[in-house]
Amino acid sequence: MLEIKDLQASVGDKQILHGVSLKINKGEVHAIMGPNGSGKSTLANVLAGREGYTVTGGQVLYDGKNLLDRTPEDRAGDGLFLAFQYPVEIPGVSNTYFMKTALNAIRKHQSRPELDAIDFLKVIKDKAKLVDIPETMLARGVNEGFSGGEKKRNEILQMAILEPRLCLLDETDSGLDIDALQIVARGINALRGPDRAFIVVTHYQRLLNFVQPDFVHVLSGGRIVKSGGKDLALELEEKGYGWLEEEKIGAR
Amino acid sequence: MNIGGASSPQAVRGNPASGAAASGFHLEARNRDGSVVQLKAEPVEGGRRVTIPPGCQATLIEKNESLRPEPYTTQSKWEIVLAEGAKLNHYKLVHEGPQATHHSFIEADVQKSASFQSHVFLFEGAQIRNTIHVRLTGEDAECLLEGLYVGSGSRVIENHTLVDHQKPRGTSRELYKGILDGQSRGLFDGLVIVQKEAQKTDSAQTNKNLLLSTEAKAFSNPELKIFAHDVKCRHGSTIGQIDAAQLFYMRSRGVPQAEARRLLIYAFASEMIEQVEIPALRDILFPCLNLATYTKK
């Protein structure tokens, strides 16, 4: 589904990714872990097409086609979704209206019929239950005045509504208490399926207790320095990231 | 003209502006018990004069509207007196032709415990000048001045407002928002004066501008002159552009760039229209906003 080949990217003058390669098949859940500043968020943002990130080398194929020359909205239309580390507040645009606009834009992109207001309301009410979002929050401006946990739940709600095929979660667990973490995890797990893949970017192993990954990759200094199964996350939790740095230096 | 659903036979209709056939006004008033009050909009030089009697609640809806393509000039002038405890909601919509010049002058004398509320929507016209002078001449008087102005092409829009607090415990609130595209110019020039006698005045004045092009310009000049010592006054202004983070957030959800921009412009302006208490008027204003902010890119 997604093939990242020797991806290099910079922000301003600073080179962040020094050659990342990764292959993700449908149905798989990949966790990307690593210390602060290792390039995790950069990877997620480059994949989603955020401005300000310059790809300086390598390529990314999505369904066998070049992903990087496409607009963010086209990527979303083709089933890519980024759950933001810091979801943006948009006062004046209601959550419901925004989601209806987004879903219909994606359906249009996929040559599927658009949903009318009544059908859409059924969808959003149904999905909101999954992440414990009350109807009052749906009527409010997008993320306007939401707490940190509410914003992250709202990201999962959007993901559930838009039904992407490739979900990128950028530190969705950061700043969540245990209850909110479980709600978010429940939302993610409900979406797991044979045709959908996940890239879960996280600093801590905590989320992975609830969302079991198939693969764990450690990103450090803009490179993937180690890959393994879910046990690798536990090992990282125990030993921290330091030993990988030493191992890397030792191998030189 | 029939807007606002307020079509009682006692309402006054007229044509205060010279030279624009589709323009006109609608004025009606009621006592607190709901009974209809007959109001007179007397002609004065260049416009009309109306007095809202004590305790009376009035609505004045004014449209300055034309599709004429050639250059022409219209003007409208209102001299309004609000007697003790009276309230007036004034809605003004300017939707003139593409080469039109429109001058509007509103002068309000707000007496004891009276309330003057002005909502101005400046959508179309080559040159628009909106001048509002409000004098709070009685104790506990209040005023609300709201304005939304939309500029594109080479349109020039000027707003000059004056709120003169003359007596104690007056309240004034002012919010003007500008959306400027193309090479348009938008000016907000707002002065609040708090006279020596006007202790316990509570005043807030805000001007916000959204620039949609690099060549559009906003000029913002909020000004306070305070001669009393026990007052609460604040003012501020902002000039900004479409927020890149909000735009990316929307696009990452599949919303095409042009539509995301439109939504964000709409979000900036919509609160001004949502506050309009007359549903039928909102139904006119929202399409005007859509039309006025639709960028041909």
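**Helix H6 of chain A and its surroundings**

Author: In this predicted model, the residues Val123(A), Ile124(A), Lys127(A), Ala128(A) and Leu130(A) of H4(A) meet Leu157(A), Ala160(A) and Ile161(A) of H6(A). Sorted by class, the contact of H4(A) with H6(A) has seven nonpolar residues, no polar ones and one charged. Helix H4 of chain A covers residues 117-130, and its axis lies 9 Å from that of H6(A), at an angle of about 135°. H4(A) and H6(A) are therefore oblique to each other. The crossing in which H4(A) passes H6(A) is right-handed.

Helix H3 of chain A, residues 95-109, also packs against H6(A), which spans residues 148-162. The axes of H3(A) and H6(A) come within 10 Å and cross at roughly 35°. This crossing of H3(A) and H6(A) is right-handed. From H3(A), the residues Met99(A), Ala102(A), Leu103(A) and Ile106(A) take part, and they meet Gln158(A), Ile161(A) and Leu162(A) of H6(A). The contact of H3(A) with H6(A) has six nonpolar residues, one polar and no charged.

Six strands of chain A form an open sheet in the order S6-S9-S10-S3-S11-S12, with mixed pairing. Strand S6 (80-83) and S12 of chain A are the edge strands, each pairing on one side only. On average, and ignoring direction, neighbouring strands of this sheet are turned by 20° against each other. H6(A) packs on this sheet and touches S6 and strand S9 (166-170) of chain A. The direction of H6(A) makes about 170° with that of S6(A).

Strand S11 (residues 215-220) of chain A and strand S12 (residues 223-228) of chain A run antiparallel and are joined by five bridges. One bridge pairs Val216(A) with Gly228(A) in S12(A), and another pairs Leu219(A) with Ile224(A) in S12(A). S11(A) and S12(A) form a hairpin with two residues between them. Gly221(A), in the turn, has a positive phi of about 60°.

Chain A has a further open sheet, of four strands in the order S2-S1-S4-S5, with antiparallel pairing. Strand S2 (14-24) and strand S5 (65-66) of chain A stand at its edges with a single partner strand each, so one side of each is left without a neighbour in the sheet. Strand S1 (residues 2-11) of chain A pairs with S2(A) in the antiparallel sense over eight bridges. Among these pairs, Glu3(A) has Lys23(A) in S2(A) as its bridge partner. Helix H1 (residues 40-48) of chain A packs on this sheet, where it touches S1, S2 and strand S4 (53-62) of chain A. The direction of H1(A) makes about 65° with that of S4(A).

Chain A also meets chain B: 17 residues of chain B are in contact with 22 residues of chain A. On the side of chain B, the elements giving two or more residues are helix H1 (244-251) and helix H2 (257-274) of chain B. That side of chain B has nine nonpolar, five polar and three charged residues.

As for confidence, chain A averages a pLDDT of 88, and 96% of its residues score at least 70.

Note on methods
Residues are numbered from 1 along each chain as its sequence is written. Chains are lettered from A and ligands numbered from 1 in the order in which they are written. This is a predicted model: local features need pLDDT of at least 70, side-chain atom pairs count only at pLDDT 80 or more; totals for chains, interfaces and linings use all residues. Two residues are in contact if their C-beta atoms, placed from the backbone, lie within 7 Å. Ala, Val, Leu, Ile, Met, Phe, Trp, Tyr, Cys and Pro count as nonpolar, Asp, Glu, Lys and Arg as charged, and the others, Gly among them, as polar. Axes are lines fitted to C-alpha atoms, for helices over the stretch in contact, and angles run from 0 to 180 degrees between N-to-C directions. A crossing is left-handed if the near helix is turned anticlockwise from the far one by less than a right angle, and right-handed if clockwise. pLDDT is the predictor's confidence in each residue, from 0 to 100. Angles under 35 degrees count as roughly parallel, over 145 as roughly antiparallel, 65 to 115 as roughly perpendicular and the rest as oblique. Two strands pair if DSSP finds at least two bridges between them.
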